[in-house]
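Please find below my notes on the model, as numbered points. They cover pockets, sheets, helix packing and a few backbone details.

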Amino acid sequence: MKKIFIVIIAFIFCSSLFSQNINIGVLNGPTCIPAAYLMNKNNSSYNFEVFSDPSQLIPKMIKQEIDIGFLPVNVAAKVYKSSKKQIVLCAVVGNGNLSLITKDKSIKKISDLKGKTVYMAGHGATPEYMFSYLIEENGLSINEKNGITLDYSIPVQQIPAMLINNKINYAIVPQPFSTIAKTKSKDVIEAIDLQREYESFEGEGKTYPISVMVVGKKFAEKNPEILEAFLNEYNNAVEWTLNYPSQSGKLCSKMNLGLDSNVVAKAIPDSNYVFIPASEAQEYVEKLLTIFLTADPESIGGTLPDEWFYYSKEKFFEK
C-alpha cells in the first residue's frame, strides 16, 4: 500500500507540473531549429507562436502573453534593462557560427581583407560588433583608407545570391547562409571562421553566444518546477537535433520555420546549437556584452546587467 501511495503522489505531482500551459515564442529561421522537435511532439501544455522578428516577440513577453522566448544576447540584456527586469536569461542556445564567405582563395586571415569592402547583415547586432572587435584586435581600422570597409545595405537572405553572381566579393554571414552559398556554388568558400579568430585572442575553447532563451521573471518565480522541466526538454531537443540533422530539417519544413529542409540538415553540424544554463554561461555572456558596451552602450541598455539577469533554480527558489 505504501508503494502504491508513493506512485499516486508522484503521478499527481507530475500531472500538476504540466497542468499549466506554457506559451512559447519561437523565431522564424535558424535560431529555433531545435524547437521544431518539441513543436512536433504536440504536447498539450506547450503553446507555440512563431514570430518573424524579435521586435514582434518582445512586447508579448513584456505583457506576459509569452512565457518563454528566444532573443539575440544583446537584445535580451537591453530588454531586461528597459522592462525593469521583467525577463531573465535562462540558457544560451546558440554559440558563434559566423564566417567570412568569398570566392577569393587568397583570403586566409582578417589582415588579407585590408582595403576591401565586406558586406554583412546585423547592423547594431553581434555580426557587426564581433567582426569589428576582431578587426581592431588585428590592428586594422574600420571604414578608413587602407582599412576594412563594412557595408550593411544587403539583407542577409540576399547575400548568398549576390556573392554567387559576383555582385559582391566578401561577406560575413551566420549559418545556414554560408551553407546556402556553398551549396549553390562550388566556388564559394568559408575563408575565415570568426570563432577560431575569437579563440586566438581570448584563449582556446573560448566562444561567444549568438542566441539565448529568456523567460518572464514572474513566470519563473511562480513556476520554477515547470520551467526546469521545460529546460530539460529543450536540452534533449538540442541533443536530438545534433544527432539527427536530416530528420530535424524535415521537421523545420513541416513546422514552417522558413528554412529548406536540405539546407538545415547540411548546416546543423556547423551551427553551434548548444544548451548552456545561464549560471554556467554568465562569464562569456558578460564578455560579449562588454564588447557591445565598448562599441555602443545603448546596444545593451547602457550597462552590463546585474546578477539577477542570469536565472538559476536555486536563486529563484530563495526569493
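1. The lining of the second largest pocket divides into six nonpolar, four polar and three charged residues. The model is a predicted one, and this pocket holds about 190 Å³ of space. Of its 13 lining residues, Glu 228, Leu 231, Phe 275, Pro 277 and Tyr 311 lie nearest the centre. Two or more lining residues come from each of α10 (224–243), β11 (273–277), α13 (278–295) and α14 (313–318). Among these elements α10 gives the most, with four residues.

2. The largest pocket has a volume of about 1100 Å³. Its lining counts 43 residues, and those nearest its centre are Pro 30, Thr 31, Val 156, Pro 174 and Phe 177. The elements that supply two or more residues to this lining are α3 (54–62), β3 (68–72), α4 (73–82), β4 (87–95), α5 (126–137), α7 (177–184), β10 (209–216) and α12 (261–267). By class, the lining of the largest pocket has 23 nonpolar, 18 polar and two charged residues.

3. As for individual positions, Leu 89 stands opposite Val 214 in β10.

4. What is the strand order of the open sheet of five strands? The order is β7-β6-β8-β5-β9, and the pairing is mixed. At the edges stand β7 (149–151) and β9 (189–193), each with a single partner strand, so one side of each is left without a neighbour in the sheet. The twist from one strand to the next averages 35°.

5. Strands β6 (residues 117–120) and β8 (residues 170–174) run parallel and are joined by two bridges. Tyr 119 has Ala 171 in β8 as its bridge partner. Helix α5 packs on this sheet and touches β5 (98–102), β6, β7 and β8; the direction of α5 makes about 150° with that of β6. Helix α8 (residues 194–202) packs on the sheet as well, with β5, β8 and β9 touched, and its direction makes about 20° with that of β9.

6. Helices α5 and α13 pack at an angle of about 85°, and their axes are 10 Å apart. That angle makes α5 roughly perpendicular to α13. The contact brings Thr 126, Tyr 129, Met 130 and Tyr 133 of α5 to Lys 287, Leu 288, Ile 291, Phe 292 and Ala 295 of α13. By class, the residues of this contact divide into seven nonpolar, one polar and one charged.

7. The axes of α10 and helix α11 (residues 245–254) come within 5 Å and cross at roughly 110°. The two helices are therefore roughly perpendicular to each other. From α10, Trp 240, Thr 241, Leu 242 and Asn 243 meet Pro 245, Gln 247, Ser 248 and Leu 251 in α11. The residues of the contact of α10 with α11 divide into four nonpolar, four polar and no charged.

8. Two backbone details remain. The peptide bond from Gln 175 to Pro 176 is cis, with omega near 5°, and Pro 176 lies in the loop between β8 and α7. Lys 85 has a positive phi of about 70° although it is not a glycine. Lys 85 is placed in the loop between α4 and β4.

Methods: Residues are numbered from 1 along each chain as its sequence is written. This is a predicted model: local features need pLDDT of at least 70, side-chain atom pairs count only at pLDDT 80 or more; totals for chains, interfaces and linings use all residues. Side-chain values use heavy atoms; hydrogens and water are left out. On a 1 Å grid over the protein atoms alone, a cavity is a set of points where a 1.4 Å probe fits but cannot get out, and a pocket is an open set with protein on both sides within 12 Å along at least five of seven lines; lining residues have an atom within 4 Å of a point. Grid points are joined across faces, edges and corners, and a volume is the space filled by probe spheres set on the points. Ala, Val, Leu, Ile, Met, Phe, Trp, Tyr, Cys and Pro count as nonpolar, Asp, Glu, Lys and Arg as charged, and the others, Gly among them, as polar. Two strands pair if DSSP finds at least two bridges between them. Axes are lines fitted to C-alpha atoms, for helices over the stretch in contact, and angles run from 0 to 180 degrees between N-to-C directions. Contact means heavy atoms within 4.5 Å. Angles under 35 degrees count as roughly parallel, over 145 as roughly antiparallel, 65 to 115 as roughly perpendicular and the rest as oblique.
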